[in-house]
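Student: I have a new structure to read. Could you take me through it, one feature at a time?

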Amino acid sequence: MHGRGKSDSPVVPTKLPNNAAPGAATEVMEGRGSAGGNTSQNDATRTQRRTIAQSGLARVREAAKRDRNAKLTALLHHVTVERLRIAFESLNKKAAAGTDQVTWAAYGQELEQNIQNLHARLHSGAYRAKPSRRVYIPKADGRQRPLGISSLEDKLLQRAVVEVLNAIYETDFLGFSYGFRPGRSQHQALDALNVGIRRRKINWVLDADIRGFFDTLDHVWLLKFLEHRIADRRILRLIQKWLNAGVLEDGKLLATEEGTPQGATISPLLANVYLHYVFDLWVQRWRKRRARGEVIVVRYADDFIVGFQHEADARSFLEELRDRLRGFALELHPEKTRLIRFGAFAASKRAQRGEGKPETFCFLGFVHICSNSMNGKFLVRRHTAASRMQRKLRELRQELRRRRHVPVPEQGAWLARVVRGFYAYYAVPTNIRRLSAFRFKVRRLWHKALRRRGQRDRTPWARMNRLAEQWLPRPRILHPWPDLRFDAKTAGRSPVR
């Protein structure tokens, strides 16, 4: 393999510093915010350009929908200069740089030349994927999650390719798959689960987790699955380049013979493709052919919940699922996979056996609890998972230490944004007490930080209460009841899955 020539490199200053704080967790995942700065000259025609770019994908989408078994060719030519430009605009401009040390701002200084150069290398076969830079962020259970930060051109190109491939796979993916799909969200998955448990005859819940899914995903099987729908060898080779690019950790290049880096733009789509063939299609057949009672399924990436009417169905499914996953180099996490009695009759059934209150399960950051409404109807209560709240409070404690001597109004404005962001996800019905507890603990952390600004600083509670009222928004429910949003989204066209 020859070294890279001048035409292989983006025209950017070398090793420009990144604007974001090094190692910050918010840098790792790419956002969807629109870009500014160097791309402002294109703002006036952005909507029109996006419409033109989508018109070509509409034909791909129609071909994929017309024949669900068709293998689609000539896909790479949809990765145009215009699509690359749009992909650049959608990147998080404050994201951490990869191994190339190229930031969004630096690349944008000569954007048109860089985009043209990348497009030429892509279509001539000269493009080479770079290793990801490995960083670690804390998990809810206290362990470290490895993430891979791709180089800017890899992010850019992966985003463009994902948009092309979504035109195919959005016609294939099943309705109970919610993770990292256009127009779908975690709250839609939570709504579907809540409504399914209450409207269907669900008495047992399988709370399952695949051990190290993103680290153990088998490359050979993945490429076989992709070949079911993609006949463009250039796209397949491009994906292989990303899978085999390796990871740079502590200055050492590590080979990646399996798995896909968490944090890479292409990874969620590849994970969905893998689980579509390994899990989704299989469970769809299983519940149609093997189940004697009702079964519901909700999957978000590698986390999924399956509800059953009959215990025999649940236990049979679990055993067969283990065998199914084993055939594709996957296994269920023994400590995070549980089969529990859950549903409208769980409390009475357990009481008959003297077993106490029904067990709970955690999904997408919420603990799900069997309960009753004020009028006595069965209700699934959802509370913020303690591990999620504790992790957020740990992050706040560390950041408050760093901002200890920042003026109080600046601290307050920052904390207000943090609290609102927490509410934006967790402010669901039945969770108001946990939101109030979070606000109280934030206020206490802030008080401790202020009292440590100096030996004479004793910030009394009276002043602390005034600061909290001024800056920390009081909790209120921001999300509707699951039934309302689920019915509005499906408009009666889609039954509970």
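Tutor: Start with a definition. A residue is buried under 20% relative accessible area, exposed over 50%, and partly exposed in between. Keep in mind that this is a predicted model.

Student: Then is Glu311 buried, exposed or partly exposed?

Tutor: Glu311 has a relative accessible area of 33%, so Glu311 is partly exposed. Now look at its partner. The side chains of Glu311 and Arg315 meet in a salt bridge, 2.9 Å from N to O. Arg315 is also partly exposed, because its relative accessibility is 44%.

Student: How many salt bridges does the structure hold?

Tutor: It holds 28.

Student: Where do Arg315 and Glu311 sit in helix α11?

Tutor: First the general idea. An α-helix has 3.6 residues a turn, so residues three or four places apart point the same way. Now the case here. Helix α11 covers residues 311-326, and Arg315 and Glu311 are four residues apart in it. That separates them by about one helical turn.

Student: How far apart are Lys392 and Glu395 in helix α13?

Tutor: They are three residues apart, again about one helical turn. Helix α13 spans residues 386-402. Lys392 and Glu395 form a salt bridge, with their closest N and O atoms 3.8 Å apart. Lys392 is partly exposed at 29% relative accessibility. Glu395 is partly exposed too, at 33%. Salt bridges can also share partners: Arg198, Arg199, Asp483 and Asp487 are joined in this way into one network.

Student: Next, helix α9. Which residues in it are buried?

Tutor: Helix α9 runs over residues 233-243, and its buried residues are Ile235, Leu236, Leu238, Ile239, Trp242 and Leu243. They cover an arc of only 160 degrees around the axis, so they lie on the same side of α9.

Student: What covers the buried residues of α9?

Tutor: The cover includes α4 (111-124), α5 (152-169), α8 (219-227) and α10 (267-289). Check the start of α9 as well. There, a side-chain oxygen of Asp232 comes to within 3.0 Å of the backbone nitrogen of Arg234.

Student: Now the strands. What is the order of the open sheet?

Tutor: The order of its four strands is β2-β1-β4-β5, and the pairing is mixed. Look at the edges. β2 (144-149) and β5 (252-254) each have a single partner strand, so one side of each has no neighbour in the sheet. On average, neighbouring strands of this sheet are turned by 40 degrees against each other, direction ignored.

Student: In which sense do β4 and β5 pair?

Tutor: In the antiparallel sense, over three bridges. Strand β4 is residues 247-249. Within this pair, Leu248 stands opposite Leu253 in β5.

Student: One last residue. Which helix holds Lys441?

Tutor: Lys441 lies in helix α15, residues 432-451. It is partly exposed at 31% relative accessibility.

Student: Which residues does Lys441 contact, leaving aside neighbours within four places in sequence?

Tutor: Met389 and Leu393. Compare the chain with the fold. Lys441 and Leu393 are 48 residues apart along the chain, and their C-alpha atoms are separated by 7.8 Å.

Terms used:
Residues are numbered from 1 along each chain as its sequence is written. This is a predicted model: local features need pLDDT of at least 70, side-chain atom pairs count only at pLDDT 80 or more; totals for chains, interfaces and linings use all residues. Side-chain values use heavy atoms; hydrogens and water are left out. Two strands pair if DSSP finds at least two bridges between them. Helices (H or I, at least four residues) and strands (E, at least two) are DSSP runs, numbered from the N terminus. Axes are lines fitted to C-alpha atoms, for helices over the stretch in contact, and angles run from 0 to 180 degrees between N-to-C directions. A salt bridge is a side-chain nitrogen of Lys or Arg within 4 Å of a carboxyl oxygen of Asp or Glu. Buried means under 20% relative accessible area, exposed over 50%, partly exposed in between (1.4 Å probe, protein chains only). The arc is that of the directions from the helix axis to the C-beta atoms. Contact means heavy atoms within 4.5 Å. A polar contact is a pair of N or O atoms within 3.5 Å; within protein, one must be able to donate a hydrogen and the other to accept it, and residues adjacent in sequence count only if both atoms are side-chain atoms.
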